[in-house]
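Hi,

Here is the structure I promised to pass on to you. Have a look at it first, and then read on for my notes.

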Amino acid sequence: MPRVPAIATGILAMLVAFYWIAGMVGGGHKLAALEPLANDGGSYAITLAFAPERFHQQLLQDRGRVVGVDHSTVFMMDVDPKSLRAIAREYWVVEVRRWSPR
Amino acid sequence: MTPAVALAVPRARWRMSRRTARALKGAFGVALLLVAWQVSVPMVGMSAYFYPAPIDVAHAFVDLIRKGVLPVYIADSLGRYAIGIGIGTALGIVFGIAIGLSRRTALALSPLLKFLFALVEVAWIPIFVVWFGYGVKTIVLALIYVVFFPVLYNTLLSVRTAPAVLVNAVRSLGGGRIDVLRYVILPSALPGMITGLRLAAGFAFRGLVFGEIIAAKTGVGYLIFEGAQSQQTARTIAGMIVMGFLWLGIDQCYLRPFERATVQRWGLTIDAADRL
């Protein structure tokens, strides 16, 4: 394999690995206070670093039921643990906390 | 120091400095364009929606990264591109060799292949949307279509023009069809395959933008389209710049090195772009 493609692939792989590991570590910190997570899907308030755009709403809708948005906080229901971990991994998610729908 | 050595030393230095000078000239050209663009904004006097300044585009770029949009869109676009190129190339090579090995099949299918090669992927995307809906499938299929025909056509031509003298030599030494394929056809078809892939990679990148504009909800092509639709022109331009850099990266880091290591090394083509 020529040298340049090998170096480029290596750099790309390192970037992806860094993104993945940083997400996992950051996600773990954000969920530390919520462990153990409810197996049957819970309700959570997801606070972003900004007001959510269509991109964020679509991404969150794929991982649970979005029931409301208040400024930069998205309220979700029926979020299973796997989806919640995926949400918490995103670096633009500032805080995840439990929320009780009235 | 002999005159020959005296000439050789400054020449080596000159080569190093020429490369640096070329990079500097390129950077100077870009900087000049950015300055001219920034200076022209107050002169034009239009709103940022019509004519955003480079600083607006830079802000849009930072904002897209901060909000996590750009990394996801770049990953989606590159993933689709890689899958489309991979499957399209594999199919193009397999079918190109299979068709090229039979003279009758090659003659029978040539007009149809030329016809399908001429149909651009944009024409197929609406039909793919009807058949497969909006999303990854449609875009990947469009990319496979775009890649398949140039690779197939170049492979087919290379297989058909493999040196008969070498084929006869292998046969006269007792080689069978597999030996002819392994020792003559494949090595002689390789430059054609790489040329086809090089051509297809460019077509596929344009196809990716079209596909994402029409049939996707993510990707850099979609970002360009969505930015214009939501009156965020700076985002559209940021998306265009990202697209340009992605293509430069693919071309400089993958396509050119592979071409240099294969086709140019064997002296089969001269890439005029390398001389620029």
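Below is what I found, taken one topic at a time.

Please keep in mind that this is a predicted model.

Let me start with two helices of chain A. Helix α1 (residues 3-31) of chain A and helix α3 (residues 81-89) of chain A have axes that come within 7 Å and cross at roughly 110°. Angles from 65 to 115 degrees count as roughly perpendicular, and α1(A) and α3(A) are therefore roughly perpendicular to each other. The crossing of α1(A) past α3(A) is right-handed. On the α1(A) side, the contact is made by A:G23, A:M24, A:G26, A:G27, A:K30 and A:L31, while α3(A) brings in A:L84, A:R85, A:A88 and A:R89. By class, the residues of this contact between α1(A) and α3(A) are 4 nonpolar, 3 polar and 3 charged.

Next, the strands of chain A. Strand β1 (residues 42-48) of chain A runs antiparallel to strand β3 (residues 73-79) of chain A, and 5 bridges join them. Here A:G42 stands opposite A:V79 in β3(A). β1(A) also pairs in the antiparallel sense with strand β4 (residues 93-98) of chain A, over 5 bridges. In that pairing, A:L48 stands opposite A:V93 of β4(A).

Finally, the contact between the chains. Chain A puts in 12 residues and chain B 10. On the side of chain B that touches chain A, α3 (69-101) and α10 (233-264) of chain B each supply at least two residues, and α10(B) gives the most, with 5 residues. That side of chain B has 7 nonpolar, 1 polar and 2 charged residues.

Best wishes

Definitions and conventions. Residues are numbered from 1 along each chain as its sequence is written. Chains are lettered from A and ligands numbered from 1 in the order in which they are written. This is a predicted model: local features need pLDDT of at least 70, side-chain atom pairs count only at pLDDT 80 or more; totals for chains, interfaces and linings use all residues. Axes are lines fitted to C-alpha atoms, for helices over the stretch in contact, and angles run from 0 to 180 degrees between N-to-C directions. Helices (H or I, at least four residues) and strands (E, at least two) are DSSP runs, numbered from the N terminus. Angles under 35 degrees count as roughly parallel, over 145 as roughly antiparallel, 65 to 115 as roughly perpendicular and the rest as oblique. A crossing is left-handed if the near helix is turned anticlockwise from the far one by less than a right angle, and right-handed if clockwise. Two residues are in contact if their C-beta atoms, placed from the backbone, lie within 7 Å. Ala, Val, Leu, Ile, Met, Phe, Trp, Tyr, Cys and Pro count as nonpolar, Asp, Glu, Lys and Arg as charged, and the others, Gly among them, as polar. Two strands pair if DSSP finds at least two bridges between them.
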